[in-house]
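Here is a short report for a reader meeting this structure for the first time. Please look at the sequence and the 3D view before reading on.

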Amino acid sequence: MVNYIDLTIQILVAMGVTALGFAIGMLFNGIARKITARIHNRVGPPIYQGYIDVLKLFTKKTNISHGWIFDFAALFSVAGIALTFLFLPVAGVTLLSGEGDIFLILYLLAIPALGFALGAGASGNPNAAVGIMRALMTMLAYELPLVMVIIAMMVYYDTTSLAVIVQKQANMQWAIFIPVFFIGALVADMALQGMLMEKPFDIPIAPHEIASGPMVEFGGKHLGALMLYKMMGIVVETTLFVDLFLGGGVVLSVSQFGWLAYLVNFIVWFLLILFVFFIALLINAVFPRFRIEQALKFYWKYDAIVGILILIWIFVGVTI
Amino acid sequence: MITLTIAIFLLGIIIVGLLNRYPKAAGVIAFFVSLIPFFALLSWSSVMNISLPSYLHFLNFETSWQYNLGPGTLILQITPLGWFFLLLLSSLFPMVILFSISFFRSNAGGFYAAMLLTMLGSFGILLAQDMLTFYIFWEIMSWSILALVIRGGDRKAIVSYLSFGALSAMLILFGFMLLYFKTGTYVFAEMHLDASNLVLAAISLIVSGFAVKGALMPMHVWAPHVYSKSEEPFVAFLSGGLSKLGYFGIMLFMYGVVGFSLLSSWGTFRGVPLFGYTLAVVGAFTAFAGTVLAVMQDDLRKLLAYSSIGQLGYITIGLGIGTPLAITGALFQALNHTFFKAVLFLAAGAVYYRTGKYKISELGGLGYKMPFTFLATLFSIFALAAIPITSGFAAKWLLYEAAIEKKFLFVTPIMLIAGVGAFLYAYKILYGVFLGEPRYDVKEAPLSQLVPMWILVLPLIIFLIFPGWFVDLTAPILQGYGMTAIPHTPFMINTSLAKYNTLAVIFGFIGTLLFAFILYKSKPQERVEHLDNYLAGEPPELYNYNIAMHASSKYYEPFDEVFYPYFKKGAERMWEIILAAGEVFGSGARKIYTGIVGDYSIYILLFFLIMVGWWLLW
């Protein structure tokens with residue numbers, strides 16, 4: 001029989017952590033704007049600007065829609081990104097199913113992106129269509145080096161489950177301390193830059209060329225939902241990186257320290273994703289934007305060659 | 001009983017053929033005749049250890065029977081593998097016929113007759129227990145496909161289908177001859193093969209022959225021509241159903257006749273037979289190249305054709321790896337591909353029926369006009385792109401797991417990147433045809449076209465929720481090869497590397513969607529036309545609204561620019577070179593026939609001398 005009390009608690013915890021994830025995402029948005037402003041020698045908005053923006057957009061009186069396909073964007077993007085977050089091991093805890101399979105996570109990440117693309121396409125604005133085209137091509141570009149590194153890790157750890165990879169990195173045996181995966185982390189960090197759509201890979205948004213691209217027709221609560229998606233996306237993508245290379249933020253074992261371990265792990269996880277995001281921000285603040293074919297060339301020529309070397313390394317290492 | 005049914009089937013073909021001037025009546029009769037294989041399938045469900053309620057199999061067919069025809073015996077028997085592929089074909093086939101009833105306005109009798117004949121051929125192939133029967137029905141199927149290709153009326157399509165069909169038949173026939181030479185029997189069950197090079201040559205020939213039908217690169221050249229120049233319902237059946245027969249043949253001969261242990265005796269690499277390894281690499285290449293070529297197409301049907309080639313490449317990978325996990329994944333991919341690709345082709349047909357256009361750059365904005373067609377397409381595209389809210393994901397996941405399990409370090413990234421490429425062309429279909437600027441004022445597709453599409457979407461939902469049921473279907477097939485089914489419960493699949501729980505995904509998605517819905521419903525909204533925002537409320541006449549707002553022409557231009565140089569000299573060029581070499585040889589050989597009697601007598605003399613000399617020296 002299903003234990004209903006446990007199930008209820010589990011659902012409540014999942015809801016709470018998801019809400020916390022969104023909150024962290026909004027905070028990251030504020031931090032990002034502040035840091036970028038300081039690098040540009042500006043004052044910048046306050047650190048809680050993300051909360052203000054989302055609140056403002058969701059309380060707007062006029063909300064423009066172009067029909068029900070257009071509304072898919074608002075629904076699918078928020079739902080999909082929250083679902084992905086539930087399948088990720090956060091500080092060693094996976095909220096749904098107990099096994100965050102990496103392939104599942106990679107494909108779940110496509111749900112919000114596809115929903116977003118549907119809404120943007122339905123708006124009928126050519127800028128939006130061009131933006132989606134660029135977003136999909138950037139995705140094609142950065143996925144190749146990323147999956148090369150991830151597959152090398154899967155074969156090395158002999159699992160495809162992200163939760164097990166996090167477990168095997170317990171006691172500070174982080175993947176990044178293994179030389180081959182240190183290089184892998186660099187490759188994956190470049191891919192993360194594209195995933196986060198930060199410069200030099202902010203080609204899909206490109207405000208000066210295509211007027212914010214896919215976002216161009218959205219306003220009010222629709223834009224609010226998309227902002228939530230983007231902010232939560234930062235948390236999800238950095239968490240994926242931290243889970244893969246930095247032990248997922250697990251420093252204390254739960255069996256030994258009880259609830260204290262949860263708390264400490266959670267704080268360490270937060271600091272780690274902040275650190276990873278901070279690196280992305282520093283790159284973002286000083287670089288100009290690539291053209292789309294330059295991005296493709298960068299990822300498939302330089303990043304992927306390193307990825308192939310890592311694969312060869314693992315390939316030979318497994319055989320011997 | 002079965003003979004009587006086949007007689008009814010043949011009678012149906014003749015009647016339908018004669019009713020050429022009454023397309024509706026012919027269609028209705030063809031639809032009822034086309035249900036026969038499905039009822040046969042139900043009555044044979046005991047082969048798969050499925051016990052259906054009695055009202056579902058009121059017809060009791062024999063499970064095996066023979067026809068004695070002078071020189072040989074046709075042996076037919078239902079096997080688990082045959083049952084599985086018959087499930088795909090016989091559930092797709094009536095839907096395609098139903099779709100055709102409203103699709104054809106005239107001259108349809110020949111179409112239905114040829115379609116039914118194709119189904120008869122496939123039926124025989126799936127039941128054949130000896131090479132002779134197999135080959136006879138293979139030819140029946142191939143020739144009736146040719147009749148349907150000729151109806152399309154494109155010369156290049158006909159010639160390429162004919163030449164590649166002949167190549168396929170020749171390769172298969174050579175393989176069969178070698179096997180017969182080796183074993184002295186046609187019957188699969190009586191063959192006792194050994195690890196000789198002759199058997200290896202035979203199985204290589206047979207597999208490459210079937211690869212033509214399965215559109216495996218570089219044997220795929222016929223597929224884009226035929227798919228893009230034939231009538232839509234037939235293409236849906238060809239791509240969804242008939243292309244699987246190639247994979248049925250590969251499975252039957254690789255794992256049924258030859259067997260995994262014999263394949264391993266020709267060398268293995270990390271526990272995978274080298275033969276299968278080669279096949280997996282070719283499949284991965286096909287998956288990638290097919291995807292890239294699909295992204296470049298502007299014709300909707302050509303795009304779907306290349307996408308078919310790419311998706312079928314995944315099946316090849318699974319069959320090449322050959323572990324229980326991989327075979328399950330390959331069969332699952334075959335099932336998914338049958339249904340989603342059929343829906344996509346039928347939807348393309350419905351769009352053509354209403355607008356008369358196939359070019360993506362000329363279509364647009366049909367999503368609000370044809371909402372049910374759009375939703376069926378959307379769902380199939382989710383399955384094609386392996387989004388986890390359809391059964392498409394489970395198949396791809398099983399294949400990835402199988403590849404990682406066997407440490408296919410270089411094949412897996414290619415598979416994954418082909419999966420990402422699928423997003424690109426999937427969005428091209430969605431945006432180019434259904435989203436964006438509304439260009440056509442058309443009605444929704446007729447009900448008799450919508451119903452088949454939505455029925456074909458159903459399996460994708462059922463096997464999303466119950467992937468374990470699918471694994472149950474594969475259990476008897478794997479048992480025949482001495483393997484056991486992968487561990488599973490109805491909602492969960494376990495592998496040695498991870499597990500996939502559909503309930504978590506479904507309930508998680510429903511829950512988060514509910515959350516998003518509440519957030520979205522929190523404020524009212526108003527619907528405005530798409531031009532209102534774009535022109536900031538100004539009347540369109542002021543701006544001379546003739547500017548194309550639909551950006552679907554050359555949609556992936558940067559992509560084309562990057563990849564075109566590598567794909568410029570495609571497989572067709574390769575075949576042209578082979579053809580040119582053949583022509584040089586052929587024209588050289590033709591010079592022998594001079595037409596002078598004296599020359600011929602010299603040839604005879606030479607031949608005689610050689611024979612005598614050979615006899616003397618021996």
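## Confidence

This is a predicted model. It scores ipTM 0.91 and pTM 0.90. Chain B averages a pLDDT of 85. In that chain, 98% of the residues score at least 70.

## Helix α6 of chain A

Helix α6 of chain A covers residues 126–157, 32 residues in total. From first C-alpha to last, α6(A) reaches 45 Å. That is close to the 46 Å expected at 1.5 Å a residue.

The helix is not straight throughout: α6(A) bends by about 35° at A:E143. A proline, A:P145, follows within four residues. Most of α6(A) is covered, with 30 of its 32 residues buried. Just after α6(A) comes A:D158, which takes a positive phi of about 55°.

## Where chain B meets chain A

On chain B, 62 residues are in contact with 63 residues of chain A. Several elements of chain B give two or more residues to this side, including α16 (392–405), α20 (502–521) and α22 (557–567). The most comes from α17(B), with 11 residues. By class, the side of chain B that touches chain A has 43 nonpolar, 11 polar and eight charged residues.

## A strand pair across the chains

Strands also link the two chains. Strand β1 of chain A (residues 64–65) is joined to β8(B) by two bridges. The two strands run parallel. Within this pairing, A:I64 stands opposite B:E526 of β8(B).

Technical notes
Residues are numbered from 1 along each chain as its sequence is written. Chains are lettered from A and ligands numbered from 1 in the order in which they are written. This is a predicted model: local features need pLDDT of at least 70, side-chain atom pairs count only at pLDDT 80 or more; totals for chains, interfaces and linings use all residues. pLDDT is the predictor's confidence in each residue, from 0 to 100. The expected span of a helix is 1.5 Å times one less than its number of residues. The bend at a residue is the angle between axes fitted to the seven residues ending there and the seven starting there. A residue is buried if 20 or more other C-beta atoms lie within 10 Å of its own, exposed if 12 or fewer, and partly exposed in between; C-beta atoms are placed from the backbone. Two residues are in contact if their C-beta atoms, placed from the backbone, lie within 7 Å. Ala, Val, Leu, Ile, Met, Phe, Trp, Tyr, Cys and Pro count as nonpolar, Asp, Glu, Lys and Arg as charged, and the others, Gly among them, as polar. Two strands pair if DSSP finds at least two bridges between them.
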